[in-house]
Amino acid sequence: MANLVMFCILAVVILGSAVMCVTTTRIMRAATFMLFVLFGVAGLYFLLDYTYLGAAQISVYAGGVTMIYVFAIQLVNKRTLQGLTERVKGSRVLWGGLLAIIGCATVILVLLKNKFLYQGVSMPNAEVPMKTIGQALVGADKYQYVLPFEFISIFLLACIIGGLVVSRKEEK
């Protein structure tokens with residue numbers, strides 16, 4: 001019963017923070033709400049007794065949100081950071097909504113085509129052991145994630161360098 005109560009609390013925190021993250025117009029508030037979402041997901045991992053994934057979620061993504069704070073401070077001008085200038089164009093909202101609907105339809109079609117929904121119904125009590133998840137995360141074989149993780153880390157390093165180059169002030 002306590003697990004169900006904690007799950008409901010975490011679900012409300014995650015959903016509420018996610019909605020606030022995408023609806024706010026201030027970049028620092030959006031990053032803070034995203035941090036709450038990531039902490040909520042880590043709480044779900046801890047609730048499932050996946051302590052390694054929970055700790056990795058907190059350490060990796062809390063550091064990532066810290067980098068978002070740094071980039072927000074460096075790349076956004078002072079008036080925008082304080083929320084004094086806000087411009088939302090109607091065409092952007094329409095295009096964003098259209099892209100969201102297309103993305104949602106794509107996900108639903110992939111789920112239906114590959115019968116992922118039916119696999120979950122047929123094996124409701126199937127639990128993946130933590131050792132299997134750990135080997136998949138740090139393994140280098142087929143369907144394991146070390147190589148994509150390294151590519152993403154190189155990509156993020158390139159983004160950090162690009163952000164520093166863009167934010168650097170030119171001396172005249």
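Biologist: Where is the place of aspartate 49?

Modeller: The model is predicted, so local features need pLDDT of at least 70 and side-chain atom pairs pLDDT 80 or more, while totals for chains, interfaces and linings use all residues. Residues are numbered from 1 along each chain as its sequence is written, and side-chain values use heavy atoms, without hydrogens or water.

Aspartate 49 is in the loop between H2 and helix H3 (51-75), helices being DSSP runs of H or I with at least four residues, numbered from the N terminus. With 62% relative accessibility, aspartate 49 counts as exposed (over 50%; buried is under 20%, partly exposed in between, with a 1.4 Å probe and protein chains only). Although aspartate 49 is not a glycine, its phi is positive, at about 65°. Most residues other than glycine have a negative phi.

H2 itself covers residues 27-47, and its axis comes within 8 Å of that of H1, the two crossing at roughly 160° (lines fitted to C-alpha atoms over the stretch in contact, with angles from 0 to 180 degrees between N-to-C directions). H1 is therefore roughly antiparallel to H2 (over 145 degrees). Among the H1 residues that meet H2 are Leu10, Val13, Ile14 and Ser17, and the H2 residues that meet H1 include Phe33, Phe36, Val37 and Leu47 (heavy atoms within 4.5 Å).

Serine 17 belongs to H1, residues 2-23. Leaving aside residues up to four places away in sequence, serine 17 touches Phe33, Phe36 and Val37. Serine 17 counts as buried because its relative accessibility is 8%, whereas aspartate 49 counts as exposed.

Terms used: Angles under 35 degrees count as roughly parallel, over 145 as roughly antiparallel, 65 to 115 as roughly perpendicular and the rest as oblique.
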